[in-house]
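Okay, thanks everyone, let me get the model up on the screen. I'll take you through a few spots in it.

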Amino acid sequence: MTDNAKAPIWFWAAGIVALIWNALGVFAYSQQIGMSAEEFAALPPLQQELLASQPFWITAAFAIAVFAGLVASILMLMRKRLAVRMFLVSLVAVLVQFSSVFIVDGYMEFFTGQGWAMPVVIVILGLAFLAISRHAEKSGLLS
């Protein structure tokens with residue numbers, strides 16, 4: 001397809017969902033780093049301990065994941081091929097971030113039961129956005 005060709009509805013729907021999802025991720029990141037002392041004190045003790053002792057690389061991976069995802073979503077809606085690479089960067093950062101569960105003491109306890117639902121959804125959506133953008137690139141929707 002050429003740059004002037006009309007993109008199908010699924011492309012725009014996926015791009016808008018990706019944009020909203022990644023904007024929510026940026027919001028969640030902003031909430032975490034901008035948390036007041038009162039908000040921090042309201043967290044469960046285990047979560048307070050984990051956040052207080054969290055290594056820098058986890059926070060950095062979180063930031064890279066959400067901002068790369070947001071940029072990828074915008075690039076996808078602009079129909080730019082760079083979106084595929086940015087979705088890949090975002091997914092790799094997500095995987096690095098969630099590897100902390102297996103590396104940092106205490107994280108496994110925090111993610112027991114339903115605590116696994118959100119990380120699994122995040123990885124699945126990251127894979128889906130990458131796959132959709134790759135399909136769009138192969139279909140000629142991205143230039």
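**A buried glutamine, a helix pair and some rings**

So, Q54 is buried, at 18% relative accessible area (buried is under 20%, exposed over 50%, partly exposed in between, with a 1.4 Å probe and protein chains only). Before I go on: this is a predicted model, where local features need pLDDT of at least 70, side-chain atom pairs count only at pLDDT 80 or more, and totals for chains, interfaces and linings use all residues. Residues are numbered from 1 along each chain as its sequence is written, and side-chain values use heavy atoms, with hydrogens and water left out.

Back to Q54: you'll find Q54 in the loop between α3 (45-52) and α4 (56-77). Helices here are DSSP runs of H or I, at least four residues, numbered from the N terminus.

Now the rings. Two rings pair if their centres lie within 6.5 Å, using the six-membered ring for Trp; planes under 30 degrees apart are stacked, over 60 edge-to-face, the rest tilted. That rule gives five aromatic pairs. One of them is F11 with W12, edge-to-face because the centres are 5.1 Å apart and the planes sit at 85°. F11 is buried at 0% relative accessibility, while W12 is partly exposed at 32%. Then there's F87 with F129, a tilted pair, 5.8 Å centre to centre and 35° between the planes. That pair links distant parts of the chain, 42 residues apart, with F87 in helix α5 (residues 82-98) and F129 in helix α8. F87 is buried at 3%, and F129 is buried too, at 7%.

How values were computed
Helix = DSSP H or I, 4+ residues; strand = E, 2+ residues; numbered from the N terminus.
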